[in-house]
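I went through the aromatic contacts, then the cavities and pockets.

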Amino acid sequence: MDHHHPGPHRVDLVIYPGFKALEAVGPMSVFDYANVHLRQHGRPDGYTVRVVAARRGAVPSDTLMALDATHTLAELEAGDTGCTVVLVGARNIEQVLASSLELVNWAARVAPKVPRMIALCSGSFVFAAAGLLDGRRAATHWSVAAALQQRHPRVAVDADAIYVRDGHLWTSAGVTAGIDLALAVVEEDFGHALALEVARDLVVYLKRPGGQSQFSVPLATQSTAHGGMRAVQQWVLAHLDERLNLAQMAAQAAMSERHFRRVFQQETGQSPSAFVESARLEAAKQLLESEVGLPLKTVAARVGLGSEQALRQLFVRRLGIAPQAYRERFGGKGAGTAH
C-alpha cells in the first residue's frame, strides 16, 4: 500500500438491509480515531469513510440503528474505486445470499479494480460466491466456518483466524474482529505506533492473544447422527478423567480398532484421538470458567491430562493462550484473583 497516497485513503463501507451494526461502526470508529491521532501529530487526515449501499438513504441494521448510505454500488463501480472496500457481514447470511445476487456479481466486478478488498465475518460468503477466494486463505465467523468450507471446497478456510490477508483480499472473523482487521489496515498505512494509539483509545488489543476458537461453542455441536459413534462420544465425555485409548473406544462400539477409527472419522470428521483432545480441552475450559478457585493441577487431573504442564501445552497449542490467562478472561466472579 502506498504510504504517500495523495490525500486521505478512501474507505467505502458496503452495507445492505440486516447488516451487523457493530461490524460497520467498529471499523468506522478505528478510521475516525486514526484521523484524530494523525491531527494530533500535525498530519492531515488519513481516511475518508463513505457508506455505500444498493440505493441511497437509510439502511436498517440488525439492531435499532440504521446507517445513511450517501453513495450507491453503481456509483462506486463507475467512478474511481478508491483505496479500500469493506463489505460488512450479516447474522443471516443465507437470506442475504438469496436476496442479493447483485451484491455477489458487483463484488466479482469491482474486486480486480480495488487495491484492498475486505469482507468482514459472513461477508466472506459473498466473496466466495463471487469466486474471489478460490485457492486463497480466508477467515469467517467460527459458527459458519464449516459451512463456508463445505460450500466452497477451493477456499482454504482458517476457522481459528481473527483475520486473514491473502494478496489484496482480507477477510475477518465475526463482529469485533472487524476492529482487529481495521487496526491492521491502519498499521499497514500509517505504522505500528499510530495503530497502537488507536487501539489504546478503543481499549482493545492491537494483537489479540490467541485465535477465535477460544470464543467458540462446545463440543456438543460436533456430535454425530450415527448412534454407535454418538454412544462412544458420550462414554468418552463421562470418562474424561481416565487415560483413554483407541482399544477402549473400539470396544465400546464393539468394533475392531481399525474399523472403529475409520467409521468414527467418517461420521464425526475427526479422528478418535482428536475428539478426546477436544473433549478434554472443552471440559477444562468449562472448569476454568466456573470453578475459579480450583488449582490448575486439579483441573488437569479432572480432565485426564496428567499434569499442569500438559494442560498448559494443550491450551497454548489449541487456543494460543495459557490456562491462567483463559481463566482471567472468561472465569466467573473473582476469576482474576484465583491462582
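I looked up Tyr326 and Phe330 and found them 4 residues apart in helix α15 (residues 323-330), so about one helical turn separates them. Helices here are DSSP runs of H or I with at least four residues, strands are runs of E with at least two, and both are numbered from the N terminus. This is a predicted model, in which local features need pLDDT of at least 70 and side-chain atom pairs count only at pLDDT 80 or more, while totals for chains, interfaces and linings use all residues. Residues are numbered from 1 along each chain as its sequence is written, and side-chain values use heavy atoms, with hydrogens and water left out.

**Ring pairs**

I searched the whole structure and got 7 aromatic pairs. Rings of Phe, Tyr and Trp (its six-membered ring) pair if their centres lie within 6.5 Å; planes under 30 degrees apart are stacked, over 60 edge-to-face, and the rest tilted.

I noted Phe264 and Phe275 as edge-to-face, because their planes stand at 65°, with ring centres 5.7 Å apart. This pair links distant parts of the chain, Phe264 in helix α11 (residues 257-268) and Phe275 in helix α12 (residues 272-290), 11 residues apart. Phe264 and Phe275 are both buried (under 20% relative accessible area; exposed is over 50%, partly exposed in between, with a 1.4 Å probe and protein chains only).

I then returned to Tyr326 and Phe330, whose pair is tilted, at 4.7 Å centre to centre and 40° between the planes. Tyr326 counts as buried at 1% relative accessibility, whereas Phe330, at 25%, counts as partly exposed.

I also logged a cluster in which ring pairs link Phe31, Tyr47 and Phe190.

**Cavity**

I found 1 cavity of 30 Å³ or more. A cavity is a set of points on a 1 Å grid over the protein atoms alone where a 1.4 Å probe fits but cannot get out; lining residues have an atom within 4 Å of a point. Volume is the space filled by probe spheres set on the points, which are joined across faces, edges and corners.

The lining of the largest cavity includes Phe31, Ile118 and Gly178. Helix α7 gives the most to this lining, with 4 residues.

**Pocket**

I put the second largest pocket at about 320 Å³. A pocket is an open set with protein on both sides within 12 Å along at least five of seven lines. Of its 19 lining residues, Tyr16, Pro17, Ala54, Ser99 and Ser100 lie nearest the centre. Helix α3 gives the most to the lining of this pocket, with 3 residues.
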